[in-house]
Amino acid sequence: MDDAVGVNLKTVGALGIVYVVRRPAALRATRAQLSTAAVSGILLLAGGNGLVTVAEQRVDSGLVALIIACVPLWIVILRLLLRDRPGPATALGVLIGLAGVAIIFLPGGSGETDLGFAALAVLAALSWAIGSLLVTLRPVPADPLTLTSVEMAAGGLVLLVGAAAHGEFARFAPGDASASAWFALSYLVVFGSLIAFTAYVWLLGNAPVSIVSTYAYVNPAVAVLLGALIAGERLTGSALAGGLVILAAVALVVTAESRVRRRAAEPAKVS
């Protein structure tokens, strides 16, 4: 339930920013745009973040982060299904990444990791990839903050319904939550969503996408380090090896895709 509450608090904050900074006119959108944003939000927040929250109940956060690093690889696979053929280097990167996932799930190599919950992290990555690709193929609100507000509202609503169905409201008492839990929730609302999203939008408009997309393999490295330093998590040899293979594959895919985009942009600059 804390994930659902956090998402809805972020929604309120994002809507406030849109109203104050962008003015009410920025909230206008067509039904098709709102539908795309809502479905994307459910896939990203309920399917992506929600499943990650469940997976991390039984799987170390570092391993989950390594699995989530597959998002760019899933996007390439989805493009293949949509008959958008990637280059040879991108295809090779996808194969390497899938091999990395296979290494993590090798029989007997996962140690005490619950493979069922680890599979939920894989589904979370796939859901995030579908939601990310959807907004590039369908009409969305023109203002990025409006888009995010609708996404968080739809995803947060689904998370709240899921929390209620699971009986979490009956078991939750605000007074029982520790100060560190409230601090973590506040941190995610302010820094993990409002500030981070604003910085991300600014980067997309002021930096090459090849640089912005490096989050795909920087975040897992940070998560593994913090998990070891703060939570005392230890990855098994196969999990670490598979994670490193995944990071190498994502780096290869991001580099290859960035090179293709630069080549496609060169004729436009010349003309």
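1. Gln-33 is buried, at 18% relative accessible area (buried means under 20%, exposed over 50%, partly exposed in between, with a 1.4 Å probe and protein chains only). Gln-33 sits in helix α2; helices here are DSSP runs of H or I with at least four residues, numbered from the N terminus.

2. A quick word on the basis: this is a predicted model, where local features need pLDDT of at least 70 and side-chain atom pairs count only at pLDDT 80 or more, while totals for chains, interfaces and linings use all residues. Residues are numbered from 1 along each chain as its sequence is written, and side-chain values use heavy atoms, with hydrogens and water left out.

3. Back to Gln-33: its side chain reaches the backbone oxygen of Val-140 at 3.3 Å. Leaving aside residues up to four places away in sequence, Gln-33 touches Pro-139, Val-140 and Pro-141 (contact means heavy atoms within 4.5 Å).

4. Leu-43 also belongs to α2, which covers residues 31-55. With 22% relative accessibility, Leu-43 counts as partly exposed. Beyond four places in sequence, Leu-43 touches residues including Trp-128, Ile-130 and Leu-134. Its C-alpha is 8.6 Å from that of Ala-124, 81 residues apart along the chain.

5. Now have a look at α7, residues 144-165: its 22 residues reach 32 Å from first C-alpha to last, close to the 32 Å expected at 1.5 Å a residue (expected span being 1.5 Å times one less than the number of residues). Among the buried residues of α7 are Leu-145, Glu-151, Met-152 and Leu-159. Just after α7, Gly-167 takes a positive phi of about 75 degrees.

Methods: Helix = DSSP H or I, 4+ residues; strand = E, 2+ residues; numbered from the N terminus. Polar contact = N/O pair within 3.5 Å; in protein donor to acceptor, adjacent residues only side chain to side chain.
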